[in-house]
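Biologist: Can you walk me through this one? I would like to start with the sheet and then go on to the helices.

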Amino acid sequence: MLGWFGMNKCLGWVLAVLTVSVTVLAQTPGNVASFALTRSVVRVTGGGSCDAPRQGSGVVVAPGLVATNAHVAGESIALIVWKDDRSWPAQIEAVAPEMDLCLLRVPGLTVPEAEVAAPEQLMPGLEVISVGYPGTKTPVIQAGRLTFLWSYCGSKLIQSDALTQKGSSGGGLFSKDGRLLGITTFVFHSSGFMNFSIPAAWVKSLIQRPRPEAPIALCRPMDAILRDFLGEMSEDPANGENWEGFTRSWVKDNPKDPNAWTALGYALHRKLETQATANTVLNSQLLEETAAAATKAIQLDANHARAWNNLGVTLGLENRYEEAQRAYQKAI
């Protein structure tokens, strides 16, 4: 039986607040390299029923089309795309909430489109540059490297150490030569190496999707979106041992994050499932560590329903059925 992560579907995410200090390079008129990287990246503003007025980023991907995150667009009633001191009203053209991806139709937009990199360019170690508008009116550049490619929704989710700040969500992740690799989407707070981007190939597929006939609800609690992302990542068997190593690094860097402990618990639980499927005796030390991870998450967040459910699953494997039932009740 799977824990809370067993949801066999692709879901969206949200940008979390980054709390580390960063060194940035703003575009300057004489910086030719900066201009080449930033010319297709725009600022997106809006205000609607989700929360207070917001600012995010976007990338021009076709004439009059801007790609951004669904959580940037939200349910804004007055989306505006900005480049320098120019502005254009925008409307949602297509949306894929499960990818946290949105296309905006921007009539009259004169900003050039980005050139998309070939998929084979994506490889660990590649020098990358993120570009966005983190609460600024001029684009900000962050350099780093592509650190890992995760299996996600039938594609590869990009992890890099090119720092992404709040407000840069929906901006571009580029190769050194200025080709678009992905759309910067979220970052785990308090860590400089856990920055994630949607692959540019998803944008291309969304362009073929018809415009929604009815409004799509894009407002979701931030914690819910983040936890759904973790569920999909943990559930994908292709991530395997790499995911366990990732979650161990996560709890080491963020020992007070209940989501980190829950993700580690599920990674360990998958090992237990493998043993159970093979009809072998379950490793008692592994059982203890799996339960301890869920318990730690609950200590940090007593209302973490998925952590309670994971604890129930683990207790059930130990034949501690009454305790498991109480954990499930807490989860509900």
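Biologist: Which strands form the open sheet, and in what order?

Modeller: Seven strands form it, in the order β6-β5-β2-β3-β4-β8-β7, with antiparallel pairing. Two strands pair if DSSP finds at least two bridges between them.

Biologist: Which are the edge strands?

Modeller: β6 and β7, each of which pairs on one side only.

Biologist: How much are neighbouring strands turned against each other?

Modeller: By 35 degrees on average, direction ignored. For angles in general, axes are lines fitted to C-alpha atoms, for helices over the stretch in contact, and angles run from 0 to 180 degrees between N-to-C directions.

Biologist: Which helix packs on the sheet?

Modeller: Helix α3, residues 200-207, touches β3, β4 (65-68), β7 and β8. The direction of α3 makes about 55 degrees with that of β8. Contact means heavy atoms within 4.5 Å.

Biologist: Before we go on, where do the numbers come from?

Modeller: This is a predicted model, where local features need pLDDT of at least 70, side-chain atom pairs count only at pLDDT 80 or more, and totals for chains, interfaces and linings use all residues. Residues are numbered from 1 along each chain as its sequence is written, and side-chain values use heavy atoms, with hydrogens and water left out.

Biologist: Back to the strands. How many bridges are there between β5 and β6?

Modeller: Four, in the antiparallel sense, between β5 (residues 80-83) and β6 (residues 86-89). K83 has R86 of β6 as its bridge partner, and W82 stands opposite S87 in β6.

Biologist: What is in the loop between β5 and β6?

Modeller: D84 is found there. The hairpin has two residues between the strands. Phi of D84 is near 55 degrees, a positive value in a residue other than glycine.

Biologist: What is the relative accessible area of D84?

Modeller: It is 48%, so D84 is partly exposed. Buried means under 20% relative accessible area, exposed over 50% and partly exposed in between, with a 1.4 Å probe and protein chains only.

Biologist: And how many bridges join β7 to β8?

Modeller: Five bridges join β7 (residues 91-96) to β8 (residues 101-105), and the two run antiparallel. A96 stands opposite L101 in β8. This hairpin has four residues between the strands, and D100 takes a positive phi near 55 degrees.

Biologist: What about S57, is that buried or exposed?

Modeller: S57 counts as buried because its relative accessibility is 0%. S57 lies in strand β3, residues 54-62. Leaving out residues up to four places away in sequence, S57 touches V42, V44, T68, G132, Y133, G167, S168, S169, G170 and G171.

Biologist: Now the helices. At what angle do α5 and α6 pack?

Modeller: At about 150 degrees, with the axes of α5 (residues 240-253) and α6 (residues 258-277) 9 Å apart. That makes α5 roughly antiparallel to α6. Angles under 35 degrees count as roughly parallel, over 145 as roughly antiparallel, 65 to 115 as roughly perpendicular and the rest as oblique.

Biologist: Which residues make the contact?

Modeller: On the α5 side they include W243, T247 and W250, and on the α6 side they include W261, L264 and L268. The contact of α5 with α6 has nine nonpolar, two polar and four charged residues. Ala, Val, Leu, Ile, Met, Phe, Trp, Tyr, Cys and Pro count as nonpolar, Asp, Glu, Lys and Arg as charged, and the others, Gly among them, as polar.

Biologist: How far apart are the axes of α6 and α7?

Modeller: They are 8 Å apart, at an angle of about 155 degrees. That makes α6 roughly antiparallel to α7.

Biologist: And what about α7 and α8, at what angle do they cross?

Modeller: The axes of α7 (residues 284-300) and α8 (residues 305-317) cross at roughly 155 degrees and come within 9 Å. α7 and α8 are therefore roughly antiparallel to each other. Among the residues that meet are L287, A291 and I298 in α7 and W308, L311 and L317 in α8. The contact of α7 with α8 divides into nine nonpolar, four polar and no charged residues.
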